[in-house]
Amino acid sequence: MSSASKRIRVLFLTLYPDLAASPRYRVAQFLPHLRKHGMECAVASAVTEDEYSCKGRPLWYHVAELRHRVAQMLEASHYDVVFLQKAITTAYVRGNHTILRRRARRLVYDIDDAVHLSPPSSLRGARRIVEDRAQVRKLMAMSDLVLAGNAWLRQEAENAGGNAVFFPTVVDTDRFVPSQTGSPAFRVGWIGNPSTTPHLAAAADALESMNDTEVIAIGADPHSVALTRATVVPWSYETEVASIQSLSVGIMPLPKDEWTRGKCALKALQYMACAIPCVATPYGAVTDIIQHGENGLFADSTQEWRDAFERLRDPRERARIGDAGRQTVIERFSLASAAPRLVALLEGVA
């Protein structure tokens, strides 16, 4: 434990509580390691769990998060480093970035989605006059350090004038581990959240044609699943690892647009850490993770998705690719390797 790290107090400002994957993987899983190295860490979300769980983003939601966030920013000067994850608020209210910069001694901005392109939840109608659509690019430029979840986001941050480093999303390979029993049936599965459920459409035709294959959609919106045969399984933190372990193949289909280009391939990492072979659309961050035919497979058409599934019916091929995938995560995308680096980055800023 270094004497420098003992003196560092860090305030983590997350856009959402830990019910959301982004703060869970970009902040929460690192806290025990940071504290072990002497850092004092406080976490403040823009909304409570009850507020976050409401359907839609009505005006009261924006008012609540703005009220919480302004109070949190006013406390920022009591910390050595402020670590802002994703955005100040879901709607980019004018002037908030200026308040944060004035109150923060050192500012680290963490981005793992293409939120510089548009707000996570914009205001409507005449209320949009108070929005600053360029706020994230301004945050990139004014921060002491930008942590970018993939290579494209890093380039976008640098283009905005930011001092950016590539800091990928990682998983805990002591938690996401291979199953000791395996799946008795050939089961293809997807994990995500209701908002990304439409991404399944890219593989829907191939999956619909496989009448002898179980299809599982973990955490999906049952009203948005583009599959008539899929079984929707509710997501929970307690069951997500077991749900993934029950799969034979994990899939990561994506539409090819600017927003998904900012994604950090968490699905692929979760499957791979559990030694479940991943089939993914060759787009965005996953192209820096998967080597086709070695530690995963790419599919970019209905026929390619079908071919990938047929190839992975062979248990020996699943085992070979699954083992290589887990090794990739251990070596390059594990919490164990990323945590010491985050400590060093925060110490370097402070």
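1. In this predicted model, the side chains of Thr228 and Glu208 are joined by a polar contact of 2.8 Å. Thr228 belongs to the loop that runs between strand S8 (214-218) and S9, and with a relative accessibility of 71% Thr228 counts as exposed, because the cut-off for that word is over 50%. Lys86 sits in the loop between strand S3 (81-85) and helix H6 (96-103). Is this residue, Lys86, buried or exposed? Its relative accessible area is 4%, and Lys86 is therefore buried, since that word applies under 20%. The side chain of Lys86 makes a polar contact of 3.0 Å with the side chain of Asp112. When residues up to four places away in sequence are not counted, Lys86 touches Leu15, Tyr16, Ser22, Tyr109, Asp110, Asp112, Asp113 and Val115.

2. Strand S1 (residues 9-14) deserves a paragraph of its own. Five of the six residues of S1 are buried, so that the strand is mostly covered. On strand S2 (residues 40-45), S1 has a parallel neighbour to which six bridges join it, and within that pairing Arg9 has Glu40 as its bridge partner in S2. S1 also runs parallel to S3, with five bridges between them, and here Leu13 stands opposite Leu84 in S3.

3. A further set of strands forms an open sheet of six, in the order S9-S8-S7-S10-S11-S12, and the pairing is parallel. Which strands stand at the edges of this sheet? They are strand S9 (231-233) and strand S12 (297-298), each of which has a single partner strand, so one side of each is left without a neighbour in the sheet. Elsewhere in the order, strand S7 (residues 187-191) and strand S10 (residues 249-252) pair in the parallel sense over two bridges, and Val188 has Val249 as its bridge partner in S10.

4. At the start of H14, a side-chain oxygen of Asp314 comes to within 2.9 Å of the backbone nitrogen of Arg316.

5. Helix H15 (residues 335-349) passes the corresponding check, because its 15 residues should span 21 Å at 1.5 Å a residue, and its end C-alpha atoms are 21 Å apart, which agrees. The residues buried in H15 are Leu335, Ala338, Ala339, Leu342, Val343, Leu345, Leu346 and Val349. Down the axis of H15 the buried residues fall within an arc of 165 degrees, so they line one face of the helix, whereas Ala336 and Gly348 are exposed on the other side of H15. What covers the buried residues of H15 includes S1, helix H3 (31-36), S3, strand S4 (107-111), strand S5 (145-148) and strand S6 (164-166). Among these, S1 and S3 are the strands that five bridges join to one another.

6. The last point concerns cysteines. How many disulfides does a search of the whole structure find? The search finds zero. Cys264 is in no disulfide, and the nearest cysteine sulfur, which belongs to Cys278, is 15 Å away. Cys264 has a relative accessible area of 9% and is therefore buried, the limit being under 20%. Cys274 is likewise in no disulfide, with the nearest cysteine sulfur, again that of Cys278, at 12 Å. At 2% relative accessibility, Cys274 counts as buried.

Key
Residues numbered from 1 in each chain as written. Predicted model: local features only at pLDDT ≥ 70, side-chain atom pairs only at ≥ 80, totals over all residues. Heavy atoms only, no water. Helix = DSSP H or I, 4+ residues; strand = E, 2+ residues; numbered from the N terminus. Buried < 20%, exposed > 50% of the residue type's maximum accessible area, 1.4 Å probe, protein only. Polar contact = N/O pair within 3.5 Å; in protein donor to acceptor, adjacent residues only side chain to side chain. Contact = heavy atoms within 4.5 Å. Pairing = 2+ DSSP bridges. Disulfide = S-S within 2.5 Å. Expected span 1.5 Å × (residues − 1). Arc of directions from axis to C-beta.
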